[in-house]
Amino acid sequence: MSDTLKTTPLDGLHRALGARMVPFAGYAMPVQYDLTGELAARCRGGVLAEHLHCRAKAALFDVSHMGQALLAGPGAAAALESLVPGDIAGLKPGRQRYTLLTSEAGGILDDLMVANLGDDHLALVVNAACKDADFAHIAASMPAGVRLMVQPDRGLLALQGPMAAAVLARLSPGVDKMSFMAVASVPVAGIECLISRSGYTGEDGYEISVSARQTEDLARLLLAEPEVAPAGLGARDSLRLEAGLCLYGHDIDTTTNPVEAALTWTISKRRKMEWNFPGAAAIRAALHDGPARLRVGILPDGRAPAREGTEIVDAAGAMIGHVTSGGFGPSLNAPLAMGYVRADLAADGTPVFLMVRGKPLPARVAPMPFVPHNYVR
Amino acid sequence: MSEIRYTKDHEWVRLEGDVATVGISNHAQEALGDVVFVELPEPGRAVEEGEACAVVESVKAASDIYAPVAGKVIEVNHTLVDEPGTVNADPTEAGWFFKLSGVEFESFAALMDEDEYAEFLESEAE
């Protein structure tokens with residue numbers, strides 16, 4: 001099976017660091033590390049320790065499996081707006097924004113980051129599992145003169161944690177002055193990179209796009225900094241869940257609209273007047289009528305985690321929704337979940353029950369993020 | 001120390017008289033990763049060989065623990081409820097899950113001994 005999996009530019013490094021590799025979105029990816037030597041002295045390794053290291057210092061994630069592309073040409077921003085409900089035309093050079101590819105039915109085809117590089121160039125980062133479909137969809141929708149250039153020859157690293165800025169500024173002076181969601185083309189230790197001050201952990205940090213052939217060099221330079229330890233997909237998932245961030249294919253998909261997904265904030269004021277994006281009619285109706293269900297945070301009263309797919313019931317035992325992501329939060333030191341419940345039962349503090357192994361376990365609807373965001377101001 | 005035996009589901013068993021102590025192997029705890037939750041059977045419950053009777057959960061996933069031999073649950077390790085990480089730290093001693101009484105020696109003896117389990121792990125790794 002492993003020979004049918006794609007690899008990232010860090011495949012050899014992961015294995016050398018003691019990674020446990022798993023298949024994810026068609027790639028062999030590290031889920032966690034059994035660290036040795038100097039790195040083991042920094043971080044014990046394993047999902048818990050990697051997660052806590054990220055919240056305390058700085059963790060390095062390989063996210064090279066994600067899809068990167070440039071969209072270039074006069075009117076690129078306006079052209080992309082025909083596919084997303086976000087304000088792309090109003091995105092200033094050097095700024096990045098989170099947005100959604102919506103379907104005609106008002107569902108979510110994918111969530112993505114869009115950065116304005118200036119000169120009618122946009123940089124896109126989409127989910128690994130969706131990238132082929134996304135890029136085909138975008139390429140097919142662009143007018144003459146706007147070109148989508150997929151970048152399979154680039155790696156993507158995420159350096160996340162409260163010490164990420166101090167670490168990266170050592171290798172690239174000035175990056176600690178970037179604001180949240182700023183984007184810049186800068187050399188990092190002499191390696192040309194496109195960096196954004198963003199991430200998927202709730203912590204301060206950066207995502208660093210770099211040519212595939214220099215990705216390992218850059219990763220090794222970052223791992224040589226004493227605050228940094230590698231972290232795998234396991235910690236990435238528990239970090240983003242504590243931060244209340246959606247995982248595509250689980251918390252959002254083609255059957256969820258942005259209103260019930262509590263992502264209405266991604267629809268800009270201007271786009272809500274124009275209503276000229278895919279699914280606008282359905283999304284407008286959901287906003288007007290109110291959604292039938294809502295994505296909420298859920299905190300179990302006890303210690304048992306409730307996993308994805310767990311039924312959520314009311315005190316009378318009637319089904320009111322499902323868990324879409326659930327597990328254990330290492331920083332919270334407690335189980336936590338995200339899911340959809342009937343809209344009239346979505347208020348914070350509402351008591352609900354999670355059907356775990358046939359037993360209704362008491363829980364409460366809870367505000368997200370579960371762990372406060374630590375973004376730079 | 002009494003002899004230890006293993007199942008193909010990676011539980012271990014120690015037998016003293018007709019009382020079996022059950023836990024998960026070092027290999028199992030390594031494969032699971034950090035244990036964050038353990039659900040133990042009710043004392044007094046009679047279990048059949050192969051019956052799911054406890055749950056161990058890591059950050060990522062939940063796994064069933066099966067009774068390696070038939071018997072009656074007489075004691076559970078409450079330490080694991082408050083300190084589930086004990087399963088990782090000391091899987092074959094302090095990290096035991098439960099004790100079964102009325103266990104037949106033959107069913108214990110039919111399980112893999114230390115060498116056979118090591119061979120089994122090697123065959124699984126291939």
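Reader: How many helices and strands does chain B have?
Author: The model is a predicted one. Read along its sequence, chain B follows the pattern β-β-β-α-β-β-β-β-β-α-α-β-α-α. The secondary structure of chain B therefore comes to five helices and nine strands.

Reader: What radius of gyration does chain B have, and with which value for a compact globule does it agree?
Author: The C-alpha atoms of chain B fill a box of roughly 35 × 35 × 25 Å along the principal axes. A compact globule of 126 residues would have a radius of gyration near 14 Å, and the value for chain B agrees with this, being 13 Å.

Reader: What percentage of the residues in chain B are buried?
Author: Among contacts in chain B with a separation of 6 or more, 62% are between residues 24 or more positions apart. A residue counts as buried if 20 or more other C-beta atoms lie within 10 Å of its own. Of the 126 residues in chain B, the buried ones make up 41%.

Reader: Which element gives the largest share of the side of chain B that touches chain A?
Author: Ten residues of chain B are in contact with 14 residues of chain A. On the chain B side, the elements that give two or more residues are β4 (35-39) and β6 (52-58). By class, this side has five nonpolar, one polar and four charged residues. The largest share, three residues, comes from β4(B).

Reader: Which strands stand at the edges of the open sheet of five strands in chain A?
Author: This sheet has the order β5-β6-β7-β4-β8 in chain A, with antiparallel pairing, and its twist averages 30° from one strand to the next. Two of its strands each have a single partner, so one side of each is left without a neighbour in the sheet. These edge strands are β5 and β8 (147-150) of chain A.

Reader: Which residue in β7(A) stands opposite Leu71(A)?
Author: Strand β4 (residues 67-72) and strand β7 (residues 121-126) of chain A run antiparallel, and six bridges join them. Within β7(A), the residue opposite Leu71(A) is Leu122(A).

Reader: Is Arg97(A) buried or exposed?
Author: Arg97(A) is found in strand β5 (residues 96-102) of chain A. Not counting residues up to four places away in sequence, Arg97(A) touches Gly86(A), Leu91(A), Val114(A) and Met181(A). The C-alpha atoms of Arg97(A) and Ala115(A) are separated by 6.4 Å, although these residues are 18 apart along the chain. Because 20 other C-beta atoms lie within 10 Å, Arg97(A) is buried.

Reader: Which strands are the edge strands of the open sheet of six strands in chain A?
Author: The order in this sheet is β10-β11-β12-β9-β3-β13 of chain A, and the pairing is mixed. Neighbouring strands are turned by 30° against each other on average, direction ignored. Two strands each pair on one side only, and these edge strands are β10 (183-188) and β13 (228-230) of chain A.

Reader: Which residue takes a positive phi in the hairpin of β10(A) and β11(A)?
Author: Strands β10(A) and β11(A) run antiparallel and are joined by six bridges, with Val183(A) opposite Ser196(A) in β11(A). The hairpin has two residues between the strands, and the residue with a positive phi, near 50°, is Ala189(A).

Reader: Which residue in β12(A) stands opposite Ile195(A)?
Author: Strand β11 (residues 191-196) and strand β12 (residues 205-211) of chain A pair in the antiparallel sense over four bridges. Ser196(A) stands opposite Glu207(A) in β12(A). The residue opposite Ile195(A) is Ile208(A).

Reader: What angle does the direction of helix α6 of chain A make with that of β9(A)?
Author: Helix α6 (residues 164-171) of chain A packs on the sheet and touches β3 (58-62), β9 (154-160), β10, β12 and β13 of chain A. The angle between its direction and that of β9(A) is about 130°.

Reader: What arc around the axis do the buried residues of α6(A) cover?
Author: In α6(A), the residues Ala164(A), Ala165(A), Val167(A) and Leu168(A) are buried. They lie on the same side of α6(A), because the arc that they cover around the axis is only 160°. The buried residues of α6(A) pack against β3, β9, β10, β12, α7 (212-223) and β13 of chain A. The arc asked for is thus 160°.

Terms used:
Residues are numbered from 1 along each chain as its sequence is written. Chains are lettered from A and ligands numbered from 1 in the order in which they are written. This is a predicted model: local features need pLDDT of at least 70, side-chain atom pairs count only at pLDDT 80 or more; totals for chains, interfaces and linings use all residues. Two residues are in contact if their C-beta atoms, placed from the backbone, lie within 7 Å. Ala, Val, Leu, Ile, Met, Phe, Trp, Tyr, Cys and Pro count as nonpolar, Asp, Glu, Lys and Arg as charged, and the others, Gly among them, as polar. A residue is buried if 20 or more other C-beta atoms lie within 10 Å of its own, exposed if 12 or fewer, and partly exposed in between; C-beta atoms are placed from the backbone. The radius of gyration is taken over C-alpha atoms; the globule rule is 2.2 Å times the number of residues to the power 0.38. Two strands pair if DSSP finds at least two bridges between them. Axes are lines fitted to C-alpha atoms, for helices over the stretch in contact, and angles run from 0 to 180 degrees between N-to-C directions. The arc is that of the directions from the helix axis to the C-beta atoms.
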